[in-house]
Structures are given as C-alpha cells and as structure tokens.
Amino acid sequence: MKLINIGFGNMVFANRLIAIVSPESAPIKRLIQDARDRGMLIDATYGRRTRAVLITDSDHVILSAIQPETVANRLSSKEQDSGQDPGQDLGQDPGQDLDTDLDPGQDPDTGLDLG
C-alpha cells in the first residue's frame with residue numbers, strides 16, 4: 001500500500017484515489033458542497049486555499065492546499081518507486097544497517113560520544 005503526501009503531513013492511500021482535480025469549476029464546487037452535506041468531506045488544507053480536490057473510491061472528497069500537478073507527480077513517483085528495496089526509501093543503501101555509520105565510541109541510540 002502506497003501513501004501519498006497531500007500536504008502538512010496528511011497522507012492518502014494511492015490505490016483509493018479516483019481523481020485529482022482543480023476546485024475552480026462549478027461542478028467541482030457542487031461536488032464539494034454535496035460531500036460537505038453528506039459528511040464525506042475531508043478538509044486537509046489547514047485553513048489555506050484549496051488547490052486540489054481528491055476524489056476517492058469510497059465517495060470521500062478530500063481538499064488539499066497543494067497543486068493537483070504536485071499530487072499527481074507524487075503519485076507517479078510512488079508508482080515508479082514500487083520496484084525499489086525498502087532501504088532506498090530511507091535514503092540508505094539497501095544492505096546498509098542503520099548503526100554501521102557510527103564510530104565504535106558512539107551510543108547507537110543517540111549517536112553521542114560515550115567517552
């Protein structure tokens with residue numbers, strides 16, 4: 001399962017998204033209002049201007065403060081990354097252990113010198 005960052009640390013499951021659209025058109029504004037009336041609207045804008053509307057397969061409508069193109073790029077980059085080893089997602093070599101870059105005199109939990 002792939003999570004897509006939709007801004008401010010909020011995440012959405014990529015496989016649940018149906019559409020990513022701009023909120024400018026009247027039909028999308030009506031869709032947002034209908035979702036609000038049904039209790040299916042999720043506002044993830046943190047008070048900022050809505051720039052993208054995400055529609056899920058469960059009929060939830062999610063408002064995001066980042067551009068639709070940015071969300072789409074994050075979605076497509078996640079699909080391309082699906083063939084990578086888990087270690088590459090952390091920015092490390094696939095076979096590298098997290099504690100191997102510490103000096104022998106450092107605490108493995110904090111990285112501080114023990115002596």
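Residues are numbered from 1 along each chain as its sequence is written. Because the model is predicted, local features need pLDDT of at least 70 and side-chain atom pairs count only at pLDDT 80 or more, while totals for chains, interfaces and linings use all residues; side-chain values use heavy atoms, leaving out hydrogens and water.

**How β5 is enclosed**

- Strand β5 covers residues 52-56; strands (E, at least two residues) are DSSP runs numbered from the N terminus.
- Of its 5 residues, 5 are buried, so β5 is largely enclosed by the rest of the structure.
- Buried means under 20% relative accessible area, with a 1.4 Å probe and protein chains only.
- Ala52, Leu54 and Thr56 are buried on one side of β5, and Val53 and Ile55 are buried on the other.

**The partners of β5**

- Strand β3 (residues 17-21) runs antiparallel to β5, joined by 4 bridges; two strands pair if DSSP finds at least two bridges between them.
- Strand β6 (residues 61-64) also pairs with β5 in the antiparallel sense, over 4 bridges.
- Ile55 stands opposite Val61 in β6.
- A hairpin is formed by β5 and β6, with 4 residues between them, and Asp59 in the turn has a positive phi of about 70°.

**Meet Ala44**

- Ala44 belongs to strand β4 (residues 41-44) and counts as buried at 5% relative accessibility.
- In sequence Ala44 and Leu63 are 19 residues apart, yet in space they are 5.5 Å apart, C-alpha to C-alpha.
- Leaving aside residues up to four places away in sequence, Ala44 touches Ile6, Phe8, Asn10, Ile62 and Leu63, where contact means heavy atoms within 4.5 Å.

How values were computed
Buried < 20%, exposed > 50% of the residue type's maximum accessible area, 1.4 Å probe, protein only.
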